[in-house]
Amino acid sequence: GPADMAPDVWEKVKNHPCYSEEAHHYFARMHVAVAPACNIQCNYCNRKYDCSNESRPGVVSEKLTPDQALRKVLAVAQEIPQLSVIGIAGPGDSLAAGGKNSFATFEALAKHAPDLKLCISTNGLALPDHVERLKNYNVDHVTITINMVDPEVGERIYPWIFYDHRRWTGRDAAKILHERQMLGLEMLTSAGILAKINSVMIPGINDEHLKDVNKAVKSRGAFLHNIMPLISDPAHGTHFGLTGQRGPTAQELKLLQDECEGGAKLMRHCRQCRADAVGLLGEDRGAEFTTEKIEALE
Ligand code: CLF
Ligand code: SF4
């Protein structure tokens, strides 16, 4: 592997298309949309996409039960030999509601498809409760979406969270979310799980602030930082879409990424996948593997 990487780390990333830029030409990922619920509200959410939590026009992801997910994975693995990673990234939060469906899916995959890597993406609120369990399922890759390390910034992105049996709003909500995200990241690092941080760049709200986020996650051991553009579309009914919040231009995004160089290592090949994406990054073969078609194959 590359000179700047320990051999055990290289083992974990060499066939993961998101964690290794090289690998994304040769290895495919597949998302199973088994996580319908969410425990927070983001002003950019529309629950159609992925571990990047963005919003583009499209059709709604096909939600699956853990059993349907297993059958879909086995069918896709037959057709796409480059398949190396199964990710759970939506359409809600993978660890909301106790992560019940996510862990049932991991259980089934560990049993019936043990060669596939397991990957998960979360907003981090429930993460500290589940790090040990993730470790037990040999999950080596966890993404946390972190958009701020300052509750004053956070309250403009998150109107509420649901935590400890009640709803929190405003700065209190953002403070709890921030503390849970930092704790979860520290726990992943201690457990030897590779943590990728996704941040959504929202001009005028957290764009400059993401440099502080980059430093904060680096100091807590994050492996990669993926800064993605907000894609805001009024037709989609997201809060930001309705209030006219714009996304960054390609130049603004690149400038910010360049300014973060030297901090936590940046991912620059993210394709902002759907919660049910299938195939190499940048291609989506999901439509070939609907539940209907899989049942017809069986
Ligand atoms: Fe999926 Fe995310 Fe795992 Fe990759 S996606 S859960 S880490 S297997 Fe990858 Fe897609 Fe970008 Fe996510 S290109 S949106 S970073
Ligand atoms: Fe939507 Fe994800 Fe935010 Fe939940 S964490 S509100 S699913 S973007």
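Predicted model: local features only at pLDDT ≥ 70, side-chain atom pairs only at ≥ 80, totals over all residues.
Biologist: Which strands make up the open sheet, and in what order?

Modeller: The open sheet has 3 strands, in the order 2-6-7. Their pairing is antiparallel.

Biologist: What holds strands of a sheet together, in general?

Modeller: Strands of a sheet pair through backbone hydrogen bonds, and the pairing is either parallel or antiparallel.

Biologist: Back to this one. Which are the edge strands?

Modeller: Strand 2, residues 40–41, and strand 7, residues 166–169. Each of these pairs on one side only.

Biologist: How many bridges are there between strand 6 and strand 7?

Modeller: There are 4 bridges between them, in the antiparallel sense, with strand 6 covering residues 160–163. To take one residue, W160 has T169 in strand 7 as its bridge partner.

Biologist: What about helix 6, where does that lie?

Modeller: Helix 6, residues 170–191, lies across strand 2, strand 6 and strand 7. Relative to strand 7, helix 6 runs at about 105°.

Biologist: New topic. How many salt bridges does the structure hold?

Modeller: The structure holds 16 salt bridges. One of them is between E155 and R171, where the closest N and O atoms are 2.7 Å apart. E155 sits in the loop between helix 5 (151–154) and strand 6, while R171 is in helix 6, so the pair links distant parts of the chain, 16 residues apart.

Biologist: Which residues does R274 meet in salt bridges?

Modeller: D276 is one partner, at 2.8 Å from N to O. D284 is another, with the closest N and O atoms 3.9 Å apart.

Biologist: What does the D284 pair tie together?

Modeller: D284 lies in the loop between strand 10 (278–279) and helix 10 (291–297), and R274 lies in the loop between helix 9 (250–259) and strand 10, so the pair ties together parts that are 10 residues apart in sequence.

Biologist: And why does R274 count as buried?

Modeller: Because its relative accessibility is 14%, and buried means under 20%. D276 counts as buried too, at 9%. D284, at 39%, counts as partly exposed.

Biologist: Last one. Which residues are joined into one network by salt bridges that share partners?

Modeller: K254, D258, E261 and R268 are joined that way.

Notes. Residues numbered from 1 in each chain as written. Chains lettered and ligands numbered in written order. Heavy atoms only, no water. Pairing = 2+ DSSP bridges. Helix = DSSP H or I, 4+ residues; strand = E, 2+ residues; numbered from the N terminus. Contact = heavy atoms within 4.5 Å. Axes fitted to C-alpha atoms, helices over the stretch in contact; angles between N-to-C directions. Salt bridge = Lys/Arg side-chain N within 4 Å of Asp/Glu carboxyl O. Buried < 20%, exposed > 50% of the residue type's maximum accessible area, 1.4 Å probe, protein only.
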